[in-house]
Amino acid sequence: ILEDTRTTHPNHAFSELLDEFLIGFNQANPKEKTWKGSATQLLNQMLNDNNLTNLTRHYASTPEKMGQRLAKLMTTKGIERVTIQGKVLWKIPVDEVKLAV
């Protein structure tokens, strides 16, 4: 029951959506081991991926929601949040996703 709850939770669905984005990012940038940027930049890149647009709008329709989703995944996906000159940036490991797929 606990496993069913985890896999049906919106954070799990967003985690899978993020994995799909990272797979595409890795294919386009094979030397990059980490995606880095703001929640706004990630949202924009995911919305510009035709395969992810509708799901992205559903799970993270604003930069604020994107940041909240990323924060909830920090412990399970190795995501880091750093603040530089008052701006929040995210570091998301890419190489781990490649191994999981």
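Reply: Helices are DSSP runs of H or I with at least four residues, and they are numbered from the N terminus. With that in hand, Leu-47 is found in helix 3. Keep in mind that this is a predicted model.

Me: OK, how many helices and strands does the protein have?

Reply: There are seven helices and three strands. Reading from the N terminus, the order is α-α-β-α-α-α-α-β-β-α.

Me: And how do the strands line up in the sheet?

Reply: The sheet is open, its three strands come in the order 1-3-2, and the pairing is antiparallel. From one strand to the next, the twist averages 20 degrees.

Me: What holds strands together in general?

Reply: Backbone hydrogen bonds pair the strands of a sheet, in a parallel or antiparallel way.

Me: How many bridges join strand 2 to strand 3?

Reply: Five, and the two strands run antiparallel, with strand 3 covering residues 87-93. If you want a spot to look at, Ile-84 stands opposite Lys-87 in strand 3.

Me: Back to helix 3, which strands does it lie across?

Reply: Helix 3 (residues 39-47) lies across strand 1 and strand 3. Relative to strand 1, helix 3 runs at about 115 degrees.

Me: You mentioned Leu-47 in that helix. Is Leu-47 buried, exposed or partly exposed?

Reply: Leu-47 has 26% relative accessibility, so it counts as partly exposed. The cut-off for buried is under 20%.

Me: What is Leu-47 in contact with, leaving aside its neighbours within four places in sequence?

Reply: Thr-53, Thr-56 and Arg-57. As for Arg-57, its C-alpha is 7.4 Å from that of Leu-47, and the two residues are ten apart in sequence.

Me: Changing topic: how many salt bridges does a search of the whole structure find?

Reply: One. It joins the side chains of Asp-19 and Lys-77, at 2.6 Å from N to O. Asp-19 belongs to helix 2 (residues 10-28) and Lys-77 to helix 6 (residues 74-77), so the pair ties together parts that are 58 residues apart in sequence.

Me: Are Asp-19 and Lys-77 buried or exposed?

Reply: Both are buried.

Me: And aromatics, how many pairs turn up in the whole structure?

Reply: One aromatic pair. The ring centres of Phe-21 and Phe-25 are 6.3 Å apart and the planes are at 25 degrees, so the pair is stacked. Planes under 30 degrees apart count as stacked.

Me: Where do Phe-21 and Phe-25 lie?

Reply: Both are in helix 2, four residues apart, which is about one turn of the helix. Phe-21 is buried, with a relative accessible area of 7%. Phe-25 comes out at 14% relative accessibility and counts as buried.

Me: Zooming out, what share of the residues of the protein count as buried?

Reply: 34% of the 101 residues. The accessible surface of the protein is about 6700 Å², and 49% of that belongs to carbon and sulfur atoms.

Me: Last one. Among contacts with a separation of 6 or more, what share comes from residues 24 or more positions apart?

Reply: Those account for 57% of such contacts in the protein.

Methods
Residues are numbered from 1 along each chain as its sequence is written. This is a predicted model: local features need pLDDT of at least 70, side-chain atom pairs count only at pLDDT 80 or more; totals for chains, interfaces and linings use all residues. Side-chain values use heavy atoms; hydrogens and water are left out. Two strands pair if DSSP finds at least two bridges between them. Axes are lines fitted to C-alpha atoms, for helices over the stretch in contact, and angles run from 0 to 180 degrees between N-to-C directions. Contact means heavy atoms within 4.5 Å. A salt bridge is a side-chain nitrogen of Lys or Arg within 4 Å of a carboxyl oxygen of Asp or Glu. Buried means under 20% relative accessible area, exposed over 50%, partly exposed in between (1.4 Å probe, protein chains only). Accessible areas come from the Shrake-Rupley method with a 1.4 Å probe; for residues, only the protein chains shown count as cover. Rings of Phe, Tyr and Trp (its six-membered ring) pair if their centres lie within 6.5 Å; planes under 30 degrees apart count as stacked, over 60 as edge-to-face and the rest as tilted.
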